[in-house]
Amino acid sequence: METVEALKFLSPEEIPHLAERYGTPLFVYDLDTIKRNYDYFSQIPAPYGLTVRYSVKANPTRAILAYFNRLGASFDVSSVWEARRCVNAGIDASKILITAQEVSAGWEELCEAGMEFDAGSLQQLRAYGEKFPGGQVSLRINPGFGSGLVKKLTSGGDHSSFGLWYAQFDEALALAERYSLSIKRIHLHIGSGHDSGILEKTVNRALELCARAPGVTHLNLGGGYKVTALNSDPQYDHHAVGARISASLEQFHRETGRQLHLEMEPGTFAMALAGSLITRVIDVVNTGGDGYRFIKIDGGLTELMRPSYYGALHPLVVVKKDGSLGTHDVTPQMVCGHCCIAGDSLTPVAGNTEDFTPVPLARAEINDYLVVERTGGYAASMSVKNFNSYPEAAEVCRAGKGSYHKIRERQTLEQMTQNERDLPLER
Ligand SMILES: *Cc1c(COP(=O)(O)O)cnc(C)c1O
């Protein structure tokens, strides 16, 4: 039988303790892991300097933003709202670059305070030029190809609306000239969980464009760096990729005399493995001798939509209620969430959002725990919040074993319904 997955940073005996102290479902984020991930990324080789921007959409909880700020990170935001959450967390606007599909009202004030603007279309470039003629701007490019874990996570190529289509670069240059804008940065984010080989192809395309825009000083390669989450996942060496990119930047320097500052925007890499979701087993059912054994947990789509939305596999670890791993008794089991919807399953067939398949887990009984790993990013921030009117889960930061800080309270019913208003139904 395949080996069962292991806990990432928690030790089994912490699970019942945390569950009793804070209730379940509970997100736990490990500060040491976040720091290690950030340090690993900031040490990627780059001959002319490197800026690491934490991609806020992975996890925008205030304490997490403040922690990245203390580590020295800059920030990638996907909306004006995320930018405001950064500012509210004490982050200087000048450390923020906005790359958004929707640039909503209020972006101008943030730019006046120092936020940098990444135009992802001709329309966005025009809007920036009209408001800030003579200013500095970035251009997000769709290089004509992309790569991602699944198609839904691919943000380059002709089926993707993200960024300015590379063949329209001259139009963008003309528009920039019309508003006397200087293009400081070329930005590309081709997908999440991309093949590392494609990054070099991306860099080559980006450098062709940089050669045509002499004012560009910064090359931003976006995020998408893979993590080793499952036993079956390979190891990834992002420093080796960095070394190959460095060689291209040095070549560009020899040819043009220009030294491009590199930027990277890890979201998944920074956070995914730094978070665990602790849930409690609330029921165990089976569908007969030829069927399956199902573990039902007190979390699911309401905390994590990646399995049902992408067919993404997360390491699942059963912890017995006494804090042991129970791995002497491993059996294939399906795991499903608490929502009354058939798609709330945590055991999809990889990459397939329609089919489910059991995974080997320690035999779970009611009141044991199931820990869902790889849930530090794109879990709390991207869940089907309040479906079935389950409240948002609490979030805790772990500063070493035994030291925990609550950074988000569990939502109350009053908070869930606070914006509802009654109809005037008299008589
Ligand atoms: C989402 C996003 C990222 C982060 O992607 P990950 O796959 O989480 O690393 C970085 N840059 C931009 C522009 C993004 O939209």
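# A walk through the strands, helices and loops

Strand S12 and strand S14 (residues 330-336) run parallel and are joined by three bridges, where strands (E, at least two residues) and helices (H or I, at least four) are DSSP runs numbered from the N terminus, and two strands pair if DSSP finds at least two bridges between them. This is a predicted model, in which local features need pLDDT of at least 70 and side-chain atom pairs count only at pLDDT 80 or more, while totals for chains, interfaces and linings use all residues. Residues are numbered from 1 along each chain as its sequence is written, and side-chain values use heavy atoms, with hydrogens and water left out.

Strand S12 (residues 293-297) is mostly covered, with four of its five residues buried; buried means under 20% relative accessible area, exposed over 50%, and partly exposed in between, with a 1.4 Å probe and protein chains only.

Gly-23, with a positive phi near 80 degrees, follows H1. In the loop between H1 and S1 lies Pro-25, and the peptide bond that joins Thr-24 and Pro-25 is cis, with omega about -5 degrees.

The loop between strand S2 (50-55) and H3 holds Thr-61, which is buried at a relative accessible area of 5%. Which residues does Thr-61 touch, not counting those up to four places away in sequence? They are Arg-85, Glu-395, Ile-407 and Arg-408. Thr-61 and Arg-408 are 347 residues apart along the chain, yet their C-alpha atoms are separated by 7.9 Å.

Helix H3 (residues 62-71) has Ile-64, Leu-65, Tyr-67 and Phe-68 as its buried residues. Because they cover an arc of only 160 degrees around the axis, they lie on the same side of H3, the arc being that of the directions from the helix axis to the C-beta atoms. An α-helix has 3.6 residues a turn, so residues three or four places apart point the same way. Exposed Arg-62 and Arg-70 are carried on the face of H3 turned away from its buried side, and just after H3, Gly-72 takes a positive phi of about 105 degrees.

Another parallel pairing is that of strand S4 (residues 96-98) with S5, joined by two bridges, in which Ile-98 has Phe-117 of S5 as its bridge partner. In a regular strand the side chains alternate between the two faces of the sheet. Strand S5 (residues 116-119) is covered on both faces, with Glu-116 and Asp-118 buried on one side and Phe-117 and Ala-119 buried on the other.

Helix H6 (residues 122-131) packs with helix H7 (residues 169-178) at an angle of about 10 degrees, their axes 10 Å apart; axes are lines fitted to C-alpha atoms, for helices over the stretch in contact, and angles run from 0 to 180 degrees between N-to-C directions. H6 and H7 are therefore roughly parallel to each other, a term for angles under 35 degrees. In this contact, Leu-122, Leu-125 and Arg-126 of H6 meet Glu-171, Ala-172, Leu-175 and Ala-176 of H7.

Between H7 and S8, the loop contains Ser-180, whose phi near 55 degrees is a positive value in a residue other than glycine. Ser-182 belongs to strand S8 (residues 182-187) and is partly exposed, with a relative accessible area of 35%. Not counting residues up to four places away in sequence, Ser-182 touches Gly-135, Gln-136 and Val-137. Tyr-378, in the loop between S16 and S17, likewise has a positive phi near 55 degrees in a residue other than glycine, and counts as buried at 13% relative accessibility.

Key
Parallel < 35°, antiparallel > 145°, perpendicular 65-115°, else oblique. Contact = heavy atoms within 4.5 Å.
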